[in-house]
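Open the structure in your viewer and keep the selection tool at hand. Each stop below says what to select and what is there.

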Amino acid sequence: MKPLRISIKNILFLLLVWIIAIIIVNPLGEFPLNDDWAYSKNLYHLCEEGKLILSDWPAQTLIAQTLIGTLVCKLFGFSFGVLRILTLVFSAASVYLFYQIIKMITPDNKIALFVSFLFMFNPIYFSLSFTFMTEIYYFFFFLLSLFFFFRNLESDRIIYIGLGTLFSVVATLTRQTGIIIPFSFGLIWFYKNPKSVKNILISIFPFIITIGSYYFYSYYLKITDKIPYNYGQPDSLIHSLLYPDLNQFISHLGYILFYAGFFLLPLTICYLPAISFPDSKKKLIIFIIFEVVIISGFQKVWTTIPWGNILFNLGLGPKLLKDTYWGDNINPALPDWFWYGLEILIIIEISLILMKLVGQINSLKLNSGKNNSSPVKLMKSIFLIILTGYLIYLLLNKNFIDRYSLPVTICLLILFIPEKISFPVRRFVVPISLLLIFSFFSIFSTHDYLSWNRARWKAVDYLLNEKNISPYKIDGGFEVNAWYEAGPFNPHQKNGISWWFVTEDEYVLSFGPVSGYNFLKSFHYQRYLSFGKDSVRIIHHPLEGARPYSIYPVVCDCELLSDNPFYLLSAKDSVEFKGGLQRSSEHVHSGEYSLMLSSDNPFGFECRFKEVKPGERFIASVWRYGEGNSSALVINSVIGGKYSELSENVIEKDSLGWDLLQLEITIPEDIQFNMIGAFVWNINGTDAWFDDFTVTRLPAK
């Protein structure tokens, strides 16, 4: 293979486009994005306090990225903006390395430039470039390590093995999956060289040093009692390998196929004229097997695509506010038929990709021990092993989100680059058109992502500094509450408090209306993708304050509505209860209305009581009408420690078919909360009517 020649013209063109894209997006803003609040917090403690205090949130090793970020923040001061610019530099450097690796494989400048842009404007990769997430730093050291290993395959100089090993260690100390890099290189190096003790030692050296570094760091965390709660270790993967979950396996396969096919579409279209139907019985059998696997995977995930963290319908994110997390108020959005059509297209495309991949595998025949195999074949063989390793990891790992598919996409990009074939210009018209669509989508969606986050944090600043609202009373979305450590994890319920570190949700940030909340103020921002103005809203729901025992019992007989139609009022003292939209006159215990609960709306009469004290007693009761219905009264803690009591006890029946349910609790002495909630739960979803919900509060004995 000819010595590496860097095309300055192409590199400058890539850099110019990258700078223009950054200017359009506008990376400025003092706020965390996605999970990088946890990575930034680790860095903040080390930079500002000189202490290695690791958040329990990350599963990655992360230490290499933390040290790099700390060094930069020591020079410029801790700032989310500084960290974002640092990531953009690493991202640009990764594109540069990617281009160099492609040039090792093909002399075709058009292909090299096209595939580099496809890598740069992969929507997930591009969006992550504007965060302090681990993926960009990992990809940089991943590619840098492989670059030096590949230089060794070209020249046989041992120094390149040392440099490749060094950067594989740094990659592994950013994300554990970096271990696959020296393992793959060692296999190919051992296979291609004559078998001797020296060559065996050289082939295993990179892997031993890399995995040793990982275990040394893990041991350090263990003896210093600093292992994060979610820290990823091999035990769980080994358990999954021994006891695989078939449903999980098929689901993850469907997602991987979708994302890989989607992001490879501009490149694979180039190959369509060269792909033919299987021309032998053996190939036909392989094709049928692939089709069964592909269709099984897509069938499992058919209605849940797009799935995951970054890509949400027509946009990039994530959008983790109280309403959008549950799929409400998402704008802009594409209809379901678009995604179903795209899945059908990708099923066809993936079928052709796999057939092409089979051809590639057959072409990667190496000459064992003779050291005369083509360096390009050796490089592609390494990527094939890495691809296999990642697929096994993703299929067995219990968690999957869209950004996990990036290494698979990168490996397939490399494997599909032709060595000698130069495509005619006319064949690039459609691929370049698709690349432009990907580019505009990535740039404009990322702009909108940062733009609405700037509006969100202005709203947070307004609540904290102008209105003097405690962060413990705010649900500002995942990143806001995580950064301020504003509460514990909560039950995963659409109608309850969000799961992300929320104590009280008296004030909520949203993109649209939410049941039970009143609009207070909005903060506008500019959208580019679906051009126009949009806003982040502050909405408010007042909580009941402490009330004297003399006002109890409070009774909701469903007769009075609040000014907010989502809420009912008690017969006196204006205590609010959720359920205004479920009022019914079909069956009533008293008055003209009751509350009908069904499978679509299983909860009702939800109310809260503040400043509870140890020893206080609460008695809740409700009348129920509904044959065969199973329901319960529930009282649980809203703030602080986990506490919940449930009762299905019927203590009385009347002649008209109504049952009286009752629950009595005493607040425990070791109380870790200061607010409780009470509500009715229709357990089995059979339609039932509830009336005269009563809560009595009694002082400690």
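The tour goes from the cores to the cysteines, then to a sheet and one arginine. Keep in mind throughout that this is a predicted model.

**Stop 1: the cores**

Select Phe98, Val115, Phe142, Phe150, Phe258 and Phe383. These residues have the most contacts inside the largest nonpolar core, which has 170 residues. Now select residues 134-155, which form helix H7. Helix H7 gives this core its largest share, 15 residues. In soluble globular proteins, nonpolar side chains tend to be buried together.

Which residues does Phe98 touch, leaving aside those up to four places away in sequence? They are Val115, Ser116, Phe119, Leu143, Ile410, Leu413 and Ile414.

Next, select Val554, Cys607, Val612 and Ala620. They are among the residues of a second, separate core of 32 residues.

**Stop 2: the cysteines**

How many disulfides does the structure hold? The number is zero. Select Cys73 and Cys47: the sulfur of Cys47 is the nearest cysteine sulfur to Cys73, at 5.1 Å. A disulfide needs the two sulfur atoms within 2.5 Å, and Cys73 is in no disulfide. Cys73 counts as buried because its relative accessible area is 2%, and the cut-off for buried is under 20%.

Move on to Cys556 and Cys558. Here the nearest cysteine sulfur to Cys556 is that of Cys558, 4.8 Å away, and Cys556 is in no disulfide. Cys556 is buried too, at 0% relative accessibility.

**Stop 3**

Select strand E11 (603-610) and strand E14 (644-647). They belong to an open sheet of four strands in the order E11-E17-E13-E14, with antiparallel pairing.

To see a bridge, pick Val634 and its partner in E14, Leu646.

**Stop 3: Arg697**

Select Arg697, in strand E18 (residues 688-698). Is Arg697 buried or exposed? Arg697 is buried, with a relative accessible area of 4%. Its side chain makes a polar contact of 3.1 Å with that of Glu616 and another of 3.4 Å with that of Tyr552. Arg697 also touches other residues, including Tyr549, Phe609, Lys610 and Phe618.

Terms used. Residues are numbered from 1 along each chain as its sequence is written. This is a predicted model: local features need pLDDT of at least 70, side-chain atom pairs count only at pLDDT 80 or more; totals for chains, interfaces and linings use all residues. Side-chain values use heavy atoms; hydrogens and water are left out. A nonpolar core is a set of buried Ala, Val, Leu, Ile, Met, Phe, Trp, Tyr and Cys residues joined through side-chain atoms within 4.5 Å. Buried means under 20% relative accessible area, exposed over 50%, partly exposed in between (1.4 Å probe, protein chains only). Helices (H or I, at least four residues) and strands (E, at least two) are DSSP runs, numbered from the N terminus. Contact means heavy atoms within 4.5 Å. Two strands pair if DSSP finds at least two bridges between them. A polar contact is a pair of N or O atoms within 3.5 Å; within protein, one must be able to donate a hydrogen and the other to accept it, and residues adjacent in sequence count only if both atoms are side-chain atoms.
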